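Take a look at the model below.

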Amino acid sequence: MTSKSANRADLSVKTRLKQNNSDTGNMFAHLFFCGYRELLLRAAGSSLAALVVLVGIQPIGAQTTAVFFDYPGTSLNGVVSAQVIAPLQACRSLCTSRSGCVGFDHSSADNSCRLLAGVSSAGESRASTAATRNLIIGYRPPSNPPATPSAAQPKVSRAAPPNISGRKVSYRSIPGDPRPIGWVYINVCSGAPVEADSLRSSINGFVFESLRLIPGRIEQFDRSTTPQCALVPKAVGYASPGAEEWRIGAALEEMRPLLRPAGVGTRADGLLPMQGSDRYRIDIWLGHE
């Protein structure tokens with residue numbers, strides 16, 4: 001082989017090696033880019049999935065605003081409809097945007113957010129924060145108790161509560177029950193107290209959260225001489241100075257389902273001086289012709 005032929009052969013080999021090396025490099029670069037792109041897509045997909053889980057699609061009729069009762073240091077028991085990882089405010093927003101969410105709890109330990117379709121009870125938990133649309137029966141009051149209903153209530157006579165001497169009944173204390181005692185007096189304006197007995201039994205058998213309400217003896221009043229008989233039927237709540245006024249408002253709200261069949265409206269008259277040592281009192285006025 002001549003020197004020129006040898007040089008051409010050597011150059012041809014080097015060219016093929018260089019091309020092979022370039023192709024190999026391009027192949028690795030292509031594989032690296034494809035793998036990196038796939039990784040990015042997967043990461044983006046995961047973020048998008050997480051965003052969809054967090055934001056979600058609002059169902060038809062979903063509530064955009066809601067009032068929650070807050071329970072710090074609390075975890076909920078009930079029907080869990082969803083569980084995601086989200087900060088506290090996002091957890092609250094998720095529940096707010098869903099009409100079927102009645103409450104949520106959030107763990108600060110791992111940002112675990114649980115949405116509940118039903119709440120049966122609650123328990124103490126330092127790392128958890130809970131909130132519900134309704135008061136939790138049998139559990140401590142929320143940090144933001146319901147406001148005293150007044151603005152939307154019908155205007156009625158603000159006459160002083162009647163004398164209740166001799167109308168209290170004996171009752172047994174419940175060990176460990178933190179609820180203050182509140183008295184309920186059913187007053188009948190003219191006529192026989194037929195519905196009053198049934199209403200008294202309903203109140204006596206109902207477990208109120210804000211107060212332990214005890215119905216006293218039913219009393220009849222002459223409509224023509226009793227100013228409180230104006231605009232009956234009605235239920236009026238009172239609290240003595242120094243008492244927690246919100247408890248009366250909450251008790252009246254809880255009592256609404258019992259009063260509704262009798263067409264009784266409710267209102268809280270706020271802090272008024274009352275006779276005796278009572279701190280909380282609700283007067284129910286019924287009218288019978």
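Which helix gives the most to the lining of the second largest pocket? It is helix 4, residues 245-259, with three residues. Keep in mind that this is a predicted model.

Stay with this pocket. The second largest pocket has a volume of about 160 Å³. Its lining includes Ala-250, Glu-253 and Glu-254. Sort the lining by class, and you get six nonpolar, one polar and three charged residues.

Now turn to the largest pocket. About 200 Å³ of space lies there. Follow its lining along the chain. Gly-138, Tyr-139, Arg-140 and Pro-141 take part. So do Asp-177, Pro-178 and Arg-179.

A probe the size of a water molecule, rolled over the atoms, shows where empty space is left.

Next, step back to the whole chain. The chain has four helices and nine strands. Read along the sequence, they follow the pattern α-β-α-β-β-β-α-β-β-β-α-β-β.

How much of the chain is buried? Of its 289 residues, 36% are buried. The accessible surface comes to about 16400 Å², and 58% of that belongs to carbon and sulfur atoms.

Last, consider contacts between residues at least 6 apart in sequence. Of these, 81% join residues at least 24 apart.

Note on methods. Residues are numbered from 1 along each chain as its sequence is written. This is a predicted model: local features need pLDDT of at least 70, side-chain atom pairs count only at pLDDT 80 or more; totals for chains, interfaces and linings use all residues. Side-chain values use heavy atoms; hydrogens and water are left out. On a 1 Å grid over the protein atoms alone, a cavity is a set of points where a 1.4 Å probe fits but cannot get out, and a pocket is an open set with protein on both sides within 12 Å along at least five of seven lines; lining residues have an atom within 4 Å of a point. Grid points are joined across faces, edges and corners, and a volume is the space filled by probe spheres set on the points. Helices (H or I, at least four residues) and strands (E, at least two) are DSSP runs, numbered from the N terminus. Ala, Val, Leu, Ile, Met, Phe, Trp, Tyr, Cys and Pro count as nonpolar, Asp, Glu, Lys and Arg as charged, and the others, Gly among them, as polar. Buried means under 20% relative accessible area, exposed over 50%, partly exposed in between (1.4 Å probe, protein chains only). Contact means heavy atoms within 4.5 Å. Accessible areas come from the Shrake-Rupley method with a 1.4 Å probe; for residues, only the protein chains shown count as cover.
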